[in-house]
Amino acid sequence: MEGFFPQVVFNIFGIPVRDTVISTWVMMVLIVAVTILVRRRWPAAIEMLVDFLNDTVADVMERPAEPYLPFLGALAIFIAVANVIGVVPFVVSPTRDINTPLALALIVFFSVYYFGIRAKGVAGYFKGMASPIFMLPMEIIGQLSRTLSLTIRLFGNIISTELIVAVIFMLVPLIAPLPLIGFSMFTGLLQAYIFTVLATVYIGSGMEAGEQ
Amino acid sequence: MAEMDPGTLITLVTILMSGIGILLGTLVPAIVEGRAVLKALEGMTRQPEVAGQLRTTLLIAMALLESTAIYVLLIILILIFANPLLDRFF
């Protein structure tokens, strides 16, 4: 069990770098390379992916998805690849470290403010947030707690399925872990979808607050 | 029981409470999620034209419900792998 949790590999200027960070870098290069390759060979595949993301975001948000698609689509692709890449031997999935989901959830937290202020202006946004003034503390607590729950949901799902695979692997190393590995890939893709849909819901509700 | 040293006692209580906690913490969300799926399926069979909307809402609701089970799992992982009491006293 010692090697299961993220390890510090080396230090850059006194900042410890964990193995999950290194696999994040490798993954970013991989995503960019595969995207360039696929765009050159099969442009229709990229089109299908963008169409799917566009439809999902537009359905949930009930407005045109173009301004939000670059952010939300990048989020979805990053999390999906990060969750699935853990099945490759000797590669740890970046979302196994709680810092990666926390960083993603903080990006969502600040993007809610960014899109809300861009849609309604600074004064309009904060007036909408405190429309009856006593609701302001509740609103702030709600925003912080849903950031926490986004973090814990992604991290907990990934680490629990990988723990199950690790425990079964210790007991029966031969065929038995295979269906569980498939299940963990399914869970990872589902969690990427859920994270993106929830981020969409939060951004949409941030732009609608006090609009009625 | 009185002769047991504190480290063993804390470990024993931790393991017992982890078992009880994961039982209750997964039982309740599982029942509630089952009810949510039941109601959503009833809605889908009654009005197939809104099935897509219902599916999205169902997935979001199940993610929110499941996060309670994940909180329990996180607490138990902390208790088992990084028990603060064991670190403080021993």
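**Notes on the two-chain model**

1. Let me start with A:Ala199, which, leaving aside its neighbours within four places in sequence, is in contact with A:Leu72, A:Leu75 and A:Val108. Contact here means C-beta atoms, placed from the backbone, within 7 Å of each other. A caveat before going on: this is a predicted model, where local features need pLDDT of at least 70, side-chain atom pairs count only at pLDDT 80 or more, and totals for chains, interfaces and linings use all residues. Residues are numbered from 1 along each chain as its sequence is written, and chains are lettered from A and ligands numbered from 1 in the order in which they are written.

2. On confidence, chain A averages a pLDDT of 85, and 96% of the residues score at least 70; pLDDT is the predictor's confidence in each residue, from 0 to 100. Within chain A, strand 1 (residues 8-12) has the lowest confidence, at a mean of 75, while helix 3 has the highest, at 91. Where pLDDT is low, the coordinates should not be read in detail.

3. Chain A has seven helices and two strands, in the order β-β-α-α-α-α-α-α-α from the N terminus on. Those are DSSP runs numbered from the N terminus: helices are H or I with at least four residues, strands E with at least two. The C-alpha trace of chain A spans about 60 × 45 × 40 Å along its principal axes. Of its contacts between residues at least 6 apart in sequence, 64% join residues at least 24 apart.

4. Back to A:Ala199: together with A:Leu75, A:Ile79, A:Val108, A:Phe195 and A:Leu198, this residue has the most contacts inside the largest nonpolar core, which has 29 residues. (Such a core is a set of buried Ala, Val, Leu, Ile, Met, Phe, Trp, Tyr and Cys residues joined through C-beta atoms within 7 Å.) Two or more residues each come from helix 2 (43-61), helix 3 (69-84), helix 4 (99-120), helix 6 (136-171) and helix 7 (177-208) of chain A. Helix 7 of chain A gives the most, with nine residues.

5. Helix 4 of chain A deserves a look. Its 22 residues reach 32 Å from first C-alpha to last, close to the 32 Å expected at 1.5 Å a residue, the expected span being 1.5 Å times one less than the number of residues. Its buried residues include A:Thr100, A:Val108 and A:Gly116, and the buried set packs against helix 1 (19-41), helix 3, helix 5 (122-129), helix 6 and helix 7 of chain A. Just after helix 4, A:Gly121 takes a positive phi of about 85°.

6. A:Thr20 sits in helix 1 of chain A. Buried or exposed? A:Thr20 counts as buried because it has 21 C-beta neighbours inside 10 Å; the cut-offs are 20 or more other C-beta atoms within 10 Å for buried, 12 or fewer for exposed, and partly exposed in between. Not counting residues up to four places away in sequence, A:Thr20 touches A:Pro6, A:Val92, A:Pro94, A:Arg96, A:Asp97 and A:Thr100. With A:Val92, 72 residues away along the chain, the C-alpha separation is 6.2 Å.

7. Chain B comes to three helices and zero strands. Its radius of gyration is 20 Å, well over the 12 Å that the globule rule gives for 90 residues, so chain B is more spread out than a compact globule; the radius is over C-alpha atoms, and the rule is 2.2 Å times the number of residues to the power 0.38. Buried residues make up 8% of chain B.

8. As for the interface, nine residues from chain B meet 12 residues from chain A.

Conventions. Contact = placed C-beta atoms within 7 Å.
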